[in-house]
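Trainee: I am new to this structure and would like to go through it slowly. Could we look at it together?

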Amino acid sequence: MESLRANALQSRYLPVKGLPELRKAVADYHRRLNEIAATDDGILIGPGTKELIFLLQLTYDGDLVIPSPSWVSYEPQARLIGRNVFWLQTQKENGWRLTAESLDRFCREHGERPRLLILNDPNNPTGLVFDEHELQAIARVAREHRLLVLSDEIYAELNHSGRHVSIAKFYPEGTIVSTGLSKWCSAGGWRLGSFCFPPDLQSLLDAMATVASETYTSVATPIQYAAVTAFQGGGEIERYVMQTRRILRALGSAVARRLRDARIDVHPPQGAFYLFPDFARRRDIKTSVEMCERLLSETGVAMLPGSDFGRPATELTARIAYVNFDGGACLAAAQEVPDRQELSEDFLRTYCREVLEAIDLVSEWICGGGGGS
Ligand SMILES: Cc1ncc(COP(=O)(O)O)c(C=O)c1O
């Protein structure tokens, strides 16, 4: 914020690919966080990662392959451009994670074609993360079938364990890593995202920059200067992110515990601020859309239906985002609790009351509905 204030009067156009100091700061950030050989030349800055993902789909002439469930915008972007979209099924029992086996099967069954695989880790909507072995196995398949991988790591800093691993470590030559300020800096409105390309994909970066030049030109100048500070990191920012993770970890497990106590099927979250329960118990309801509409009108609690994320309409899954609390007050209070100590149930009841109350309403509503056990 200080940095944005200090740069408010910077008003000249910047290079299409981004402010050189920022591209350097982002490359350094990836080398630190992801242990990949990122270079300044491989960084592209854009007005949010959503726009960059769209530009990638526009410039890369291939099919889009995404796991079900996946974040809501990948598919509509592909449809706008007229690309083929293939959804790969996942299993709830396996944390809704794509497996190397199903990816391999898909590639063999559908022949060799240019394909863009988008993975999101930590995941929106599930709140779950891949483990290192799963990433290694997917990387092997991606290399064998020469897939272009976009690793959407917008929630990397919000891996609750603080130990994010990028698939780019195992498939560097074919992976673009996406990150931005929207989640870990809580600055979605600043509209700043970045892609990190390996040297083998430099021509794709250049093609995207050509489209950028003909459309948005460059990201707002003061924002790019302020983002240098964010990506350089350092004590204050690291402490802020550490506290954010700590709050989300404690709250995410409390929310999952409450749902499980009500015998609702859900995986405890490992990253970001989402859960993806399966409310199959409400046998009187036919679709996830109907479920979410009724929940909203009968309790005032909003969830997004699983079908928005590519799940079958009749599967009663939904995404819960557990961020409806005063983040500033919660952060200030968490700083007073020694780092070694987990944030207690009492703490959460005081500072995240709205979220816990909403979860209780959801649990009561699900348990009280038709169909019983
Ligand atoms: C998984 C995922 N990817 C990308 C985005 C887009 O982020 P932005 O365009 O703000 O960088 C979001 C935002 O909700 C998201 O959840």
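Trainee: How far is an oxygen atom of the ligand from an N or O atom in the side chain of asparagine 124?

Mentor: This is a predicted model, in which local features need pLDDT of at least 70 and side-chain atom pairs count only at pLDDT 80 or more, while totals for chains, interfaces and linings use all residues. Residues are numbered from 1 along each chain as its sequence is written, and side-chain values use heavy atoms, with hydrogens and water left out. For asparagine 124, the distance between such an atom of its side chain and an oxygen atom of the ligand is 2.8 Å.

Trainee: How much of the ligand does the protein bury?

Mentor: Accessible areas come from the Shrake-Rupley method with a 1.4 Å probe, and for residues only the protein chains shown count as cover. Taken alone, the ligand exposes 400 Å², and the part of this that the protein buries is 91%.

Trainee: Which side-chain N or O atom lies 2.6 Å from a nitrogen atom of the ligand?

Mentor: A polar side-chain atom of tyrosine 155 is 2.7 Å from an oxygen atom of the ligand. The 2.6 Å distance, to a nitrogen atom of the ligand, belongs to an atom in the side chain of aspartate 152.

Trainee: Which strands stand at the edges of the sheet?

Mentor: Strands here are DSSP runs (E, at least two residues), numbered from the N terminus, and two of them pair if DSSP finds at least two bridges between them. Seven strands form an open sheet of mixed pairing in the order 1-7-6-5-4-2-3. Two strands have a single partner each, so one side of each is left without a neighbour in the sheet: strand 1 (43–46) and strand 3 (85–89).

Methods
A polar contact is a pair of N or O atoms within 3.5 Å; within protein, one must be able to donate a hydrogen and the other to accept it, and residues adjacent in sequence count only if both atoms are side-chain atoms. Helices (H or I, at least four residues) and strands (E, at least two) are DSSP runs, numbered from the N terminus.
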